[in-house]
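Welcome! Here are a few exercises to work through with the sequence and the 3D view side by side. Try each task before you read its solution.

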Amino acid sequence: MKTAKMLETFNDRYPLLGPALWISSLQYFIVQLAVALNFAGGYSLSRNTISDLGNTVCGAYGGRFVCSPDHGLMNLSFVVLGLTMMAGAPLIYQEFREGRTAITGFAFMAIAGFGTVLVGLFPENTVSALHITGAALPFFIGNLGLVILGASLSLPRWLRIYTILTGLWNLLALALLMTNHYLGLGQGGIERLTAYPQTIWLIVFGLYMGKKRFRAS
């Protein structure tokens, strides 16, 4: 109870912080582009996975060539993305406070953020079990959270539909990824259809909340 009150007070004092944290997810795409451009031998959006950018060694990995000189920057980007997801979730929730279902949705987004931190701390070629677990949290729990949020929050109709469809789309793409059905897009391509829409949603939702709070201030 005391923690909730502290969060509410902090959020009232800094109403744009939560939205700004989620909007900052844009850095994830910028860093990926920069790291991919320096990928030895050329980075393939269809053949290489996102995690290949954070791989800490050069050589064959998973049947593909991997060599990312800027892997440290990519892994830092994963950690920063995860931390902003975790920190932004309880702050943005303060705007709604619409019962247990909404709490669950935002909690799932925070858990997804924790998983993203694990992805950065444990690159794919290190502790594989923790890396895979980390990736599974945003891919499954985070996208399930989107469906819950879209169904439970009082939002404009377009945003509710967009939120629900994003979660469902990502879960479908995840099923295709797990069953090795790449639809001609390659492993990297179908993985991006699983991951990118969620991050784009964070930016869109952050912009919506930021605009709403700015008008109210």
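**Exercise 1. Find where Pro123 sits, and decide whether Pro123 is buried or exposed.**

Step 1. In this predicted model, Pro123 belongs to the loop that lies between H5 and H6.

Step 2. The relative accessible area of Pro123 is 7%. Buried means under 20%, so Pro123 counts as buried.

Step 3. Now look for its partners. Setting aside residues within four places in sequence, Pro123 is in contact with Gly54, Thr56, Asn75 and His131.

Step 4. For a sense of distance, pick out Ala36. Pro123 and Ala36 are 87 residues apart in sequence, and their C-alpha atoms are 16 Å apart in space.

**Exercise 2. Describe the largest pocket: what is its volume, and which residues line it?**

Step 1. Start with the volume, which is about 680 Å³ for the largest pocket.

Step 2. Go on to the lining, made up of 31 residues. Those nearest the pocket centre are Ser51, His131, Ala135, Phe139 and Glu191.

Step 3. Trace the lining back to the helices. At least two lining residues come from each of H4 (71-93), H5 (100-121), H6 (128-152), H7 (157-178) and H8 (186-216). H6 gives the most, with 9 residues.

**Exercise 3. Explore the largest nonpolar core: which members touch the most others, and which element gives the largest share?**

Step 1. The core holds 40 residues, and the members touching the most others are Trp22, Phe96, Phe106, Met109, Leu153, Trp201 and Phe205.

Step 2. Two or more core residues come from each of helix H3 (26-37), H4, H5, H6, H7 and H8. H8 provides the largest share, 8 residues.

Step 3. Zoom in on Phe106. Apart from neighbours within four places in sequence, Phe106 is in contact with Trp22, Ala89, Ile92, Tyr93, Phe96, Leu149 and Leu153.

Definitions and conventions
Residues numbered from 1 in each chain as written. Predicted model: local features only at pLDDT ≥ 70, side-chain atom pairs only at ≥ 80, totals over all residues. Heavy atoms only, no water. 1 Å grid on protein atoms, 1.4 Å probe; cavity = no way out; pocket = protein on both sides within 12 Å on 5 of 7 lines; lining within 4 Å. Points joined across faces, edges and corners; volume = space filled by probe spheres on them. Helix = DSSP H or I, 4+ residues; strand = E, 2+ residues; numbered from the N terminus. Core = buried A, V, L, I, M, F, W, Y, C linked by side-chain atoms within 4.5 Å. Buried < 20%, exposed > 50% of the residue type's maximum accessible area, 1.4 Å probe, protein only. Contact = heavy atoms within 4.5 Å.
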